[in-house]
Amino acid sequence: LVQDAIYSSLSSHERRRWHSAVADALMADGDPRRVAAEMVAEHLLQASRHLESAQWRLSAAIAAAGEGSAAEALAHIRLGLKTVEAMPEGPDRDCLELQLRAIEGPTLMVTQGPGSPNFGAAQTRGLELLRRLGNRENLVPVIYNTALHAWACGRLADADKAADEIFEILEGEP
């Protein structure tokens, strides 16, 4: 109760300043394995340091996915995407969202199946971001997953069209 009373007595500017200081102290530790990425991300978010917060959420999602904890990875991705929404539009925002979507799509496919509407939406958004950013190197895996979703949903003509696009890309840039 005392902690809550003190916290609520601080102005929003002071709270942001304190959260920023705590985040900086946690990041200064030097060994990122000793600090919980989600703790740093939350302090950065409360400090209105959205880009850094989303980057730490991405790290937390990658770590959780690497440990086989898909539900935890998805929770971090959702918080990271929510944080990205608060950022100004532009290439930095798009690039960070794309990195989060790159983990979200396969994680949703594993947890909900290739026919999941959520998997399809993540792949569609990832493809849109790749095209907007002009990132041709990563098009094939995302188009493939988009085709996989279409195939799983019985939209064979869409899956065929996506496969044709993959072959066109590979013929032009093997």
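**Exercise 1.** Determine what covers the buried residues of H3, and which residues these are.

*Solution.* The cover includes helix H2 (12–27) and helix H4 (50–66), where contact means heavy atoms within 4.5 Å, and where helices are DSSP runs of H or I with at least four residues, numbered from the N terminus. Next, the buried residues of helix H3 (residues 37–46) are Ala-37, Val-40, Ala-41, His-43 and Leu-44, with buried meaning under 20% relative accessible area, exposed over 50% and partly exposed in between (1.4 Å probe, protein chains only). Viewed down the axis of H3, these buried residues fall within an arc of 165 degrees, so they line one face of the helix; the arc is taken from the directions from the helix axis to the C-beta atoms.

The model is predicted: local features need pLDDT of at least 70 and side-chain atom pairs count only at pLDDT 80 or more, whereas totals for chains, interfaces and linings use all residues. Residues are numbered from 1 along each chain as its sequence is written, and side-chain values use heavy atoms, with hydrogens and water left out.

**Exercise 2.** Describe the backbone and the exposure of Ser-48.

*Solution.* Start with the location, which is the loop between H3 and H4. There Ser-48 has a phi near 65 degrees, a positive value in a residue other than glycine. Finally, Ser-48 is partly exposed, its relative accessible area being 40%.

**Exercise 3.** Is Leu-98 buried or exposed, and with which residues is Leu-98 in contact, leaving aside its neighbours within four places in sequence?

*Solution.* Leu-98 belongs to helix H6 (residues 91–112) and counts as buried at 12% relative accessibility. With those neighbours left aside, Leu-98 is in contact with Gly-126, Leu-129, Leu-130, Leu-133 and Asn-135.

Note on methods: Helices (H or I, at least four residues) and strands (E, at least two) are DSSP runs, numbered from the N terminus.
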